[in-house]
Amino acid sequence: MNIGKQIREHNKLVEELLELATIITQQLNKPKLDLEESIIEEIGDVKYRLEQVEKYYDSDKIKKQVLFKKNKNN
């Protein structure tokens, strides 16, 4: 296992999550702006990076947690 690659992938995910949080915060603070395209781009970036990181974790447990959250919020 390449721990350096694993750390880089986690760092990139964190970076993308922060960028998404920033653009969403900007949209909430300035509702007259239309930042939809930027938000869409950042969501795509986060999803891509999340896929890269998910491979290091138990996919069955991840799916179970997603189902739990979906059921809890319905």
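Glu36 is located in helix H2 of the predicted model. The relative accessibility of Glu36 is 47%, so Glu36 is classed as partly exposed, given that this class lies between the 20% limit for buried residues and the 50% limit for exposed ones. Between Glu36 and Gly4, the C-alpha to C-alpha distance is 34 Å, at a sequence separation of 32 residues.

Glu36 also belongs to a negative surface patch, whose other members are Glu19, Asp34, Glu37 and Glu41. Helix H2, which spans residues 36-54, supplies the largest share of this patch, with three residues. Glu41, a further member of the patch, is likewise assigned to helix H2. Because its relative accessibility is 49%, Glu41 is counted as partly exposed.

A glutamate in helix H1 was examined next. Glu9 lies in helix H1, which covers residues 3-29. The relative accessibility of Glu9 is 10%, and Glu9 is therefore counted as buried, the limit for that class being under 20%. With residues up to four places away in sequence left out, the contacts of Glu9 are Gln52, Val53, Lys55 and Tyr56.

Terms used. Residues are numbered from 1 along each chain as its sequence is written. This is a predicted model: local features need pLDDT of at least 70, side-chain atom pairs count only at pLDDT 80 or more; totals for chains, interfaces and linings use all residues. Side-chain values use heavy atoms; hydrogens and water are left out. Patches are made of residues with over 30% relative accessible area and no salt bridge: like charges are joined within 9 Å, nonpolar side chains (Val, Leu, Ile, Met, Phe, Trp, Tyr) within 5 Å. Accessible areas come from the Shrake-Rupley method with a 1.4 Å probe; for residues, only the protein chains shown count as cover. A salt bridge is a side-chain nitrogen of Lys or Arg within 4 Å of a carboxyl oxygen of Asp or Glu. Lys and Arg count as positive and Asp and Glu as negative; His and the chain ends are not counted. The place of a charge is taken as NZ of Lys, CZ of Arg, CG of Asp or CD of Glu. Helices (H or I, at least four residues) and strands (E, at least two) are DSSP runs, numbered from the N terminus. Buried means under 20% relative accessible area, exposed over 50%, partly exposed in between (1.4 Å probe, protein chains only). Contact means heavy atoms within 4.5 Å.
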